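Student: I have a sequence and a model open on my screen. Could we walk through the pockets and the packing together?

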Amino acid sequence: MKAHAYAALTATTPLEPFELERRGVRANDVLIEILYCGVCHSDIHQARGEWGNSVFPMVPGHEIVGRVTQVGAQAKKFSVGDLVGVGCMVDSCRTCSSCKSGTEQYCLGHLSLTYNSTEQDQKTPTQGGYSSHIVVDESFVLRVDPKLDVKAVAPLLCAGITTYSPLKHWKIGKGHRVGVLGLGGLGHMAVKFAVAFGAEVTVISTSSAKEQDAKRLGAHHFLLSTDQGQVEAAACSFDFILDTVSGSHDLNAVLGMIKLDGNLVLVGVPTEAPPVHPFSLIMPRRSVSGSAIGGIKETQEMLDFCAAKGIVSDVEMIRMSQINEAYDRVLKGDVRYRFVIDLKAR
């Protein structure tokens, strides 16, 4: 099946129109007409070869919302016309301990990412959501509640679950003082979820211009990280800091704001590995951890939670032809807070 898309043909050229062949619908597959696809910073990292594992041609996009237009003969979860989502993965080995425990995102066999990866044969390239259609096994497709603002649901499939999962894993809730480092695509979702869970939330940012938005999103406090006085006043005060920043920054300074037995959890990925001094961890017994997306069960839980609470992303809509301009603006921090491609817009 032919699908129309935009692809990166090399790491140094702009994305351009591209035609790809999607597989035929297998017994357990669903064919999805893509309506909206979010633009994630990792799309830029991958399309520009910044993580060293890029394979071209590449069709990015792993924040996908669309409608089912065909179901396989044995597919039971969805019907034609259903509103669905696809996130960062489209298959896994399904037999390892991670897959069996519902944490497919940490598959020990072969995890098939939505793009710049391969299917379970480890040969066939996967291509993502900057395209008109996608075919996915129903086990990796998610149900979307149509009562939500559907275009603003798309970023929940990455930015949403990437922040929801660690907050749930570390059982963040009432009584916790939480810092959200960085107020971008990930950070603004972290604020919404941490507030919804009942935590006392502080946005930590290098930009004072973000303070008004932080409060609008529900944050209780704002800390300007370039103000040494504010940083020193916050020493040993947070139970948990979620670091969403993808640019270079000083982790030791961030760790200094975490209290005894507190946690710094990384979900942003700078292109250069930041140094951490052992004493930043030893005193006072702090931890640094990382977290990826959630498994399929947890991602569906997140979508259902969002439907119950009316939580979606703050988005700016673009046409597919505006993707290169959008990439440039993401790198400048010029988006509040996630670009979403309207695949039907002309």
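**Pockets and packing**

Tutor: Strand S2 (16–21), strand S6 (89–91) and strand S8 (133–137) each contribute at least two residues to the lining of the second largest pocket; strands are DSSP runs of E of at least two residues and helices runs of H or I of at least four, numbered from the N terminus. This is a predicted model, where local features need pLDDT of at least 70 and side-chain atom pairs pLDDT 80 or more, while totals for chains, interfaces and linings use all residues. Residues are numbered from 1 along each chain as its sequence is written, and side-chain values use heavy atoms, without hydrogens and water.

Student: Which strand gives the most to the lining of the second largest pocket?

Tutor: A pocket is an open set of points on a 1 Å grid over the protein atoms alone, with protein on both sides within 12 Å along at least five of seven lines, and lining residues have an atom within 4 Å of a point. This pocket holds about 380 Å³, and among its 22 lining residues the closest to the centre are Arg-23, Glu-119, Pro-125, Thr-126 and Val-135. With 4 residues, the top contributor is S8.

Student: What volume does the largest cavity have?

Tutor: A cavity is a set of grid points where a 1.4 Å probe fits but cannot get out. Points are joined across faces, edges and corners, and a volume is the space filled by probe spheres set on them. The search of the whole structure finds 1 cavity of 30 Å³ or more. The volume of the largest cavity is about 60 Å³.

Student: Is Asp-213 buried or exposed?

Tutor: Asp-213 sits in helix H6 (residues 211–216), and its side chain makes a polar contact of 3.1 Å with that of Arg-216 (N or O atoms within 3.5 Å, one able to donate a hydrogen and the other to accept it; residues adjacent in sequence count only if both atoms are side-chain atoms). Buried means under 20% relative accessible area, exposed over 50% and partly exposed in between, with a 1.4 Å probe and protein chains only. Because its relative accessibility is 17%, Asp-213 counts as buried.
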